[in-house]
Amino acid sequence: LLVSKDLGKHLLEVEDLLQKHGLLEADISAQTERVQALNAAALKFSELEGYQPCDPQIICNRVNHVQTCLEELEELAAKRRKELEDSRQLWTFFQEMEEAEAWIREKEKILAAKTCGRDLSSVVTLTNKHKTMLGELGNRRALLHQTMKKGEKILAKKSFSSVGIQEKMREVCLRWKKLEEITGLHQQRLEDALNFFQFSAETDDLVAWLQDMYRIVSSDDFGHDDYSSQALLRKHRAVVDEVEKHRAAVLSLRKQLALLAPDHRQGVDVQIRVVEVEQLYGEVAEVAVLRTQWLQDALAVYRMFSEVHACEVWVDEKEQWLEKMEVPEELDEVEVVQHRFESLDQEMNSVMGRILDVNQVVQQLVDGGHPSSDEVRSCQDHLNSRWNRVVELVENKKSQLSSVLKIQNFLLEC
């Protein structure tokens with residue numbers, strides 16, 4: 001049993017042989033105690049004095065022979081155990097290598113069947129799964145490294161043929177290297193897909209924002225008075241600032257596109273999408289400028305109307321006063337009225353400046369093609385007409401006063 005050359009043909013068989021060898025070792029250990037007791041008893045017969053049933057030398061030789069046989073048996077058992085344990089290491093190595101190969105084949109199939117997703121959500125999910133697989137890959141790499149060390153130790157012992165061990169190690173190493181390459185390529189594809197779908201999502205968000213901005217800047221609400229127009233203009237300026245802040249994002253689209261993988265950046269759809277975003281931004285910026293001008297024109301109109309109203313109130317007041325006023329004949333009263341006209345001249349100069357400003361604003365609005373040009377021009381003509389009426393009344397009253405003063409001075413000289 002101990003000189004058998006059967007070391008097993010696979011791990012389970014070796015384990016079975018080791019179990020049987022353990023039983024044999026236990027048997028040898030039990031027989032060792034028996035042999036020791038028998039040898040001790042036999043040696044007593046070699047030490048007898050007087051009558052000796054057997055030659056002491058024969059007894060000693062027999063005891064030594066049995067002891068030597070026992071020691072040889074123990075040596076054979078130890079050698080057999082070492083050979084079986086070496087065989088177990090060998091088949092454990094092969095089994096672990098086979099498990100590594102099976103794991104590699106499984107991951108190769110999984111990677112071959114994997115896609116890169118159809119949208120951002122699916123790509124993120126696949127990326128997370130791939131990260132989990134990378135963790136498994138790291139753990140398996142450590143196990144494979146330990147198995148390779150076992151193989152190197154077996155080769156160093158030179159207990160078995162090195163051909164099969166080296167071939168298996170080389171084969172598994174090549175398959176592992178290929179798996180890492182495939183894993184790296186798949187990771188790169190996932191990263192490329194993630195960058196592409198993130199770019200697409202950001203572009204879609206930018207388009208949605210620009211469409212909202214276009215609806216806002218193309219509004220036809222310019223307010224109904226000075227206050228509301230000012231409020232709309234303040235809001236619009238904030239919108240213009242936001243549009244300007246997004247200019248950099250729009251300009252960077254082509255740079256981001258250039259960083260995408262060739263398969264993604266060369267697609268016609270994505271290139272058209274970038275052009276559409278740039279065109280849409282240009283339209284939003286252009287309409288925003290126009291709305292700024294429209295709001296400023298509306299504000300100018302409402303301010304002009306307000307100024308016209310203020311001027312007309314003054315004109316009404318002075319017109320009524322001039323029409324009701326009668327030129328006095330007494331010198332003292334004439335002088336009082338004359339002082340009033342001097343104050344009126346100052347007021348008229350001030351109002352004249354305001355009316356000139358109104359005329360200038362009206363001319364700017366008309367020249368700019370304001371949609372309310374007819375209404376603004378009509379308002380201007382009405383104001384100027386009434387102003388001319390007041391100027392005419394003032395001139396008439398002044399002329400009457402001048403005539404009265406001449407008469408009064410003539411009378412005084414007489």
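Valine 284 touches Leu210, Met213, Tyr214, Val217 and Val243, leaving aside residues up to four places away in sequence. Contact here means heavy atoms within 4.5 Å. The model is predicted: local features need pLDDT of at least 70, side-chain atom pairs count only at pLDDT 80 or more, and totals for chains, interfaces and linings use all residues. Residues are numbered from 1 along each chain as its sequence is written, and side-chain values use heavy atoms, without hydrogens and water.

Now widen the view. The largest nonpolar core has 29 residues, and Phe199, Leu210, Val277 and Val284 touch the most other members. Such a core is a set of buried Ala, Val, Leu, Ile, Met, Phe, Trp, Tyr and Cys residues joined through side-chain atoms within 4.5 Å. Buried means under 20% relative accessible area, exposed over 50%, and partly exposed in between (1.4 Å probe, protein chains only). Domain 1 (11–192) and domain 2 (194–297) both give residues to this core, so it lies between them. The domain bounds come from an automatic or database domain assignment. A second, separate core of 25 residues includes Trp314, Val315, Ile355 and Val394.

Next, the rings. The whole structure holds 6 aromatic pairs. Rings of Phe, Tyr and Trp (its six-membered ring) pair if their centres lie within 6.5 Å; planes under 30 degrees apart are stacked, over 60 edge-to-face, the rest tilted. Phenylalanine 196 and phenylalanine 197 pair edge-to-face, 5.2 Å centre to centre with 65° between the planes. Phenylalanine 196 is buried at 18% relative accessible area, and phenylalanine 197 is buried at 16%.
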